[in-house]
Amino acid sequence: MIELTQDTIDVSAVLRTASSPRAGAVVLFLGTVREETDGRRTTSLTYECYAEMAKRALADLEAEAVQRWSLSGCAIVHRLGHLAVGEISVAIAASAAHREAAFEAARWLIDRIKQVVPIWKQEHWADGASEWVHPAVDADAAAEEP
């Protein structure tokens with residue numbers, strides 16, 4: 001399941017889609033809008049994308065994850081538009097026979113989504129400023145953290 005949506009993400013639907021009787025583990029990752037980034041108070045985020053390219057890139061990542069980790073199921077939903085603090089921006093569910101594969105796949109998926117999928121994030125801060133954030137730069141920085 002690959003979906004880009006302007007609506008609130010239905011987490012139950014994401015889990016149902018990824019679940020399988022063959023799976024002994026289902027891992028759910030939720031990315032949420034946090035209220036502080038690098039010491040600045042965030043008031044909201046705006047996500048935009050080139051939908052056709054983003055869906056294709058997400059489908060490619062899903063297919064690769066299913067093959068690499070022998071997933072029983074996988075679902076990726078990314079929210080677009082204006083999101084308030086606390087709202088879910090992305091949901092990823094991965095199911096596999098064993099938990100290690102499900103955890104690894106979910107982590108790999110969120111890292112790769114930030115690196116290669118053409119979805120752009122604009123941060124809006126309490127001081128009235130806003131800035132477009134380059135996802136690959138953030139993902140590279142996060143990968144370097146211990």
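## Exercises on a predicted model

**Exercise 1.** Which residues is Leu-71 in contact with, leaving aside its neighbours within four places in sequence?

*Solution.* In this predicted model, Leu-71 is in contact with Ala-65, Val-66, Ala-94, Ser-95, Ala-96, Ala-101 and Ala-105, once neighbours within four places in sequence are set aside.

**Exercise 2.** In what order do the four strands of the open sheet stand, and which are at the edges?

*Solution.* The order is 1-5-7-2, with mixed pairing. Strand 1 (2–5) and strand 2 each have a single partner strand, so one side of each is left without a neighbour in the sheet. Strand 2 is joined to strand 7 by eight bridges, and the two run antiparallel. In this pair, Ala-25 stands opposite Ala-96 in strand 7. Helix 3 lies across strand 2, strand 5 and strand 7, at about 145 degrees to strand 7.

**Exercise 3.** Is Gly-31 buried or exposed?

*Solution.* Gly-31 is found in strand 2. Its relative accessible area is 11%. Buried means under 20%, so Gly-31 is buried. Not counting residues up to four places away in sequence, Gly-31 touches Glu-87, Ile-88, Ser-89 and Val-90. The C-alpha atoms of Gly-31 and Ile-92 are separated by 8.7 Å, with the two residues 61 apart along the chain.

Note on methods: Residues numbered from 1 in each chain as written. Predicted model: local features only at pLDDT ≥ 70, side-chain atom pairs only at ≥ 80, totals over all residues. Heavy atoms only, no water. Contact = heavy atoms within 4.5 Å. Buried < 20%, exposed > 50% of the residue type's maximum accessible area, 1.4 Å probe, protein only. Pairing = 2+ DSSP bridges. Axes fitted to C-alpha atoms, helices over the stretch in contact; angles between N-to-C directions.
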